Amino acid sequence: MGLRGRLWQLQRRERRRAALIAAGLDAFLVQVRALQSVLVPGVALLLVLALVYCAVSAFLWNGRTLGRRLLGLRLVDMRGLAPAPGRAIVRALLATLSFGLFLAGFWMALFDRRGQTLHDKLTSTFVVQPS
C-alpha cells in the first residue's frame, strides 16, 4: 500500500471517529431534552432544599451545619450568638448569589482579613472556630 492509500485510510478513520463523537453528542443532547421537563423542577427543588438546610441548621443547631460540626466551626452574628431565623434565611439566599457569581462571593473570603464571604459581609455574620 502506498503513501496515498495509507493517507486515505487515516482520513477515513478520522471521519468515522468524528461521526461517532457527533452522534454521541447528539444522543446526549436528545437525552437532556427528554429530561428537560424533570431537570428544571429538580434543580429548583435541590436549590430550595439547600437553602432550607443552611437556614434551618444556622438557627436550630446553634449555627452549625453537619460540615461545620465536623470541622469544629460555628456561624455567629456580631454578638457571638447563632443568627436569628430571618438573618439565617437572608444569608442562605445571598449564598446562592455568591455561588451564582462564579463563586466570587466565596473567593472574597481568601482576601478578607476576617475571612468573610460576600453573604457574611451583607448579613454581618462570621464563621468562627470556638475555643
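Which helices each supply at least two residues of the lining of the largest pocket? They are H1, H3 and H5, where helices (H or I, at least four residues) and strands (E, at least two) are DSSP runs numbered from the N terminus.

## Ground rules

This is a predicted model, in which local features need pLDDT of at least 70 and side-chain atom pairs count only at pLDDT 80 or more, while totals for chains, interfaces and linings use all residues. Residues are numbered from 1 along each chain as its sequence is written, and side-chain values use heavy atoms, with hydrogens and water left out.

## The largest pocket

Let's stay with that pocket. On a 1 Å grid over the protein atoms alone, a pocket is an open set of points with protein on both sides within 12 Å along at least five of seven lines, and lining residues have an atom within 4 Å of a point. The largest pocket holds about 330 Å³ of space, a volume being the space filled by probe spheres set on the points, with grid points joined across faces, edges and corners. Of its 14 lining residues, Ala92, Ala95, Thr96, Phe99 and Phe106 are the closest to the centre.

H3 gives the most to this lining, with 5 residues. By class, the lining of the largest pocket has 8 nonpolar, 3 polar and 3 charged residues. Here Ala, Val, Leu, Ile, Met, Phe, Trp, Tyr, Cys and Pro count as nonpolar, Asp, Glu, Lys and Arg as charged, and the others, Gly among them, as polar.

A cavity, on the same grid, is a set of points where a 1.4 Å probe fits but cannot get out. There is 1 cavity of 30 Å³ or more, and the largest cavity contains about 40 Å³ of space. Its lining consists of Cys54, Ala55, Ala58, Arg68, Leu75, Ala88, Arg91 and Ala92. The elements giving two or more residues to that lining are helix H1 (3-60) and H3. The lining of the largest cavity divides into 6 nonpolar, no polar and 2 charged residues.

## Helix H3 and what follows

H3 covers residues 85-100, and its 16 residues should span 22 Å at 1.5 Å a residue; the end C-alpha atoms are 23 Å apart, which agrees. The expected span is 1.5 Å times one less than the number of residues. Ala88, Arg91, Ala92, Ala95 and Ser98 are the buried residues of H3. Viewed down the helix axis, these buried residues fall within an arc of 115°, so they line one face of H3; the arc is that of the directions from the axis to the C-beta atoms. Buried means under 20% relative accessible area, exposed over 50%, and partly exposed in between (1.4 Å probe, protein chains only).

Most residues other than glycine have a negative phi. Phe102, in the loop between H3 and H4, has a positive phi of about 55°. Leu103 lies in that loop too, with a positive phi near 65°. Phe102 is exposed at 77% relative accessible area, whereas Leu103 is partly exposed at 35%.

## Two spots further along

Gln116 sits in the loop between helix H4 (104-111) and helix H5 (118-123), and counts as buried at 3% relative accessibility. Leaving aside neighbours within four places in sequence, Gln116 is in contact (heavy atoms within 4.5 Å) with Met108, Ala109, Lys121, Thr125 and Phe126.

Val128 belongs to strand S2 (residues 125-128) and is partly exposed, at 31%. Not counting residues up to four places away in sequence, Val128 touches Gly72, Leu73, Arg74 and Val76.
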